[in-house]
Structure formats: C-alpha cells, structure tokens
Amino acid sequence: MTKSELIEALAQKQSQLAYKDVELAVKSMLDLMALTLASGERIEIRGFGSFSLHYRPPRTGRNPKTGDAVTLASKYVPHFKPGKELRERVNKTRSKEIL
Amino acid sequence: MALTKADLAEKLYDEIGLNKRESKEFIESFFNELNNTLGNGEEIKLSGFGNFSLRAKSERMGRNPKTGEEKMISARRVVTFKVGQKLKSRVEA
C-alpha cells in the first residue's frame with residue numbers, strides 16, 4: 001500500500017471529510033511525525049508502535065571506489081518498535097499465508 | 001515528552017480545521033488502516049517517511065538474559081521499518 005492508496009482507503013471509509021481534506025490530513029500527520037524525529041523526540045502510538053532514535057557512534061568508513069578512509073560523524077537513526085496489538089495481529093495472520 | 005495521538009489530533013484541529021472529534025477519529029482510523037494492512041500481510045510504503053515491511057522469522061534457540069535459561073523461540077512474522085531517504089537525512093542533520 002502506498003501513501004496515495006492509504007489516502008484513498010481512508011477517504012472511502014468515512015463520509016465527513018472530502019478527499020482533499022483526507023490528503024491534507026495524512027500529509028500533515030506525517031510531517032509532524034518526521035519533524036518530531038528530526039528534533040530528537042520520540043513518537044508513541046498506542047496499539048501501533050513507537051519510533052525512537054538510535055545513536056550511531058562516529059566511525060571511519062571507506063570510499064568503496066577509491067578505498068580512501070573517510071571520517072563519519074556520529075548520528076541518530078530512526079527505529080520503529082511495533083506495539084503489542086500490531087505485533088500480535090501480524091503474527092496471527094502468518095499461519096493463514098503459509099497454508 | 002513523546003509525540004502521541006493526542007498531539008497529532010491537536011495538529012489536525014489547529015491546521016486543517018477538523019473539529020476535535022473528527023481529528024481524533026481520523027487519527028484512530030489512520031493507524032487502524034496501517035494495522036489492518038500489515039495484519040493482512042500487505043506492506044506499506046510512505047514516500048518521504050519510510051516503508052513498513054513484513055519478515056518471516058524461523059524458529060530459533062534463544063536465551064533468557066536474566067536466568068541464562070535456553071528456550072525455543074517459535075517461528076513468527078514481524079514488522080520491520082526501513083526509514084526513507086528524506087527522513088533519514090533530516091534526522092541525521
């Protein structure tokens with residue numbers, strides 16, 4: 001499912017918001033979520049999961065083409081931990097796919 | 001303080017002009033849709049943000065780190081998140 005398919009699905013499941021509003025709302029939510037992580041804060045969505053930042057210490061990497069050593073600064077990378085409900089649902093439907 | 005559903009609802013209320021009930025309902029249906037989709041075995045790609053994919057894990061031997069006791073961990077399916085390029089560079093900066 002892509003972002004536009006998600007917007008489509010949400011628009012069809014309710015009648016109070018126009019397609020344009022749903023589109024705006026989805027983009028606005030994702031914006032705020034990205035901004036939150038960019039500012040170093042975590043996100044906690046009950047039932048879905050949480051996003052946190054994992055620290056990566058500085059290291060010396062190599063340019064794979066030339067083999068030259070390059071110093072890479074420390075950084076943070078976003079990490080998603082699925083919540084209990086999502087974890088259980090995804091695992092419950094697993095058996096159906098295998099059969 | 002972490003960002004929660006209430007903060008997201010507040011944003012829709014402030015910026016899009018949904019009323020408080022609509023905002024709250026929208027946030028719920030948004031995450032419900034993500035849960036349902038992944039629950040049905042379908043992956044989600046949110047351009048600019050990241051991809052949620054599903055991974056089948058086979059049965060393996062694990063260990064309780066506290067007691068050192070060995071135990072079989074059953075085969076399972078898990079959700080993994082791969083951050084998109086745009087979000088990745090925003091967080092690194």
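**Entry 1: the interface**

I first looked up the area buried between chain B and chain A, which is about 4,600 Å², with 67% of it on carbon and sulfur atoms. Buried area here is the accessible area (1.4 Å probe) that two parts lose on being put together, summed over both. I noted that L3(B), N35(B) and R77(B) supply 15% of the area that chain B buries against chain A, more than any other three residues.

I record that this is a predicted model, in which local features need pLDDT of at least 70 and side-chain atom pairs count only at pLDDT 80 or more, while totals for chains, interfaces and linings use all residues. Residues are numbered from 1 along each chain as its sequence is written, chains are lettered from A and ligands numbered from 1 in the order in which they are written, and side-chain values use heavy atoms, with hydrogens and water left out.

I then looked up the contacts (heavy atoms within 4.5 Å). In these terms, 49 residues of chain B touch 46 residues of chain A.

**Entry 2: polar pairs and the side of chain B**

I found 18 residue pairs in polar contact across the interface, both residues at pLDDT 80 or more. A polar contact is a pair of N or O atoms within 3.5 Å; within protein, one must be able to donate a hydrogen and the other to accept it, and residues adjacent in sequence count only if both atoms are side-chain atoms.

On the side of chain B that touches chain A, α2(B) gives the most, with 15 residues. Helices (H or I, at least four residues) and strands (E, at least two) are DSSP runs, numbered from the N terminus. I sorted the residues of this side into 25 nonpolar, nine polar and 15 charged, with Ala, Val, Leu, Ile, Met, Phe, Trp, Tyr, Cys and Pro as nonpolar, Asp, Glu, Lys and Arg as charged, and the others, Gly among them, as polar.

**Entry 3: salt bridges**

I applied the salt-bridge rule, a side-chain nitrogen of Lys or Arg within 4 Å of a carboxyl oxygen of Asp or Glu. Two salt bridges cross the interface of chain B and chain A. In one, E92(B) meets K75(A) at 3.5 Å, N to O. E33(B) also pairs with K13(A), their closest N and O atoms being 2.6 Å apart. E33(B) lies in helix α2 of chain B and K13(A) in the loop between α1 (3-12) and α2 (19-38) of chain A, so the pair joins two chains.
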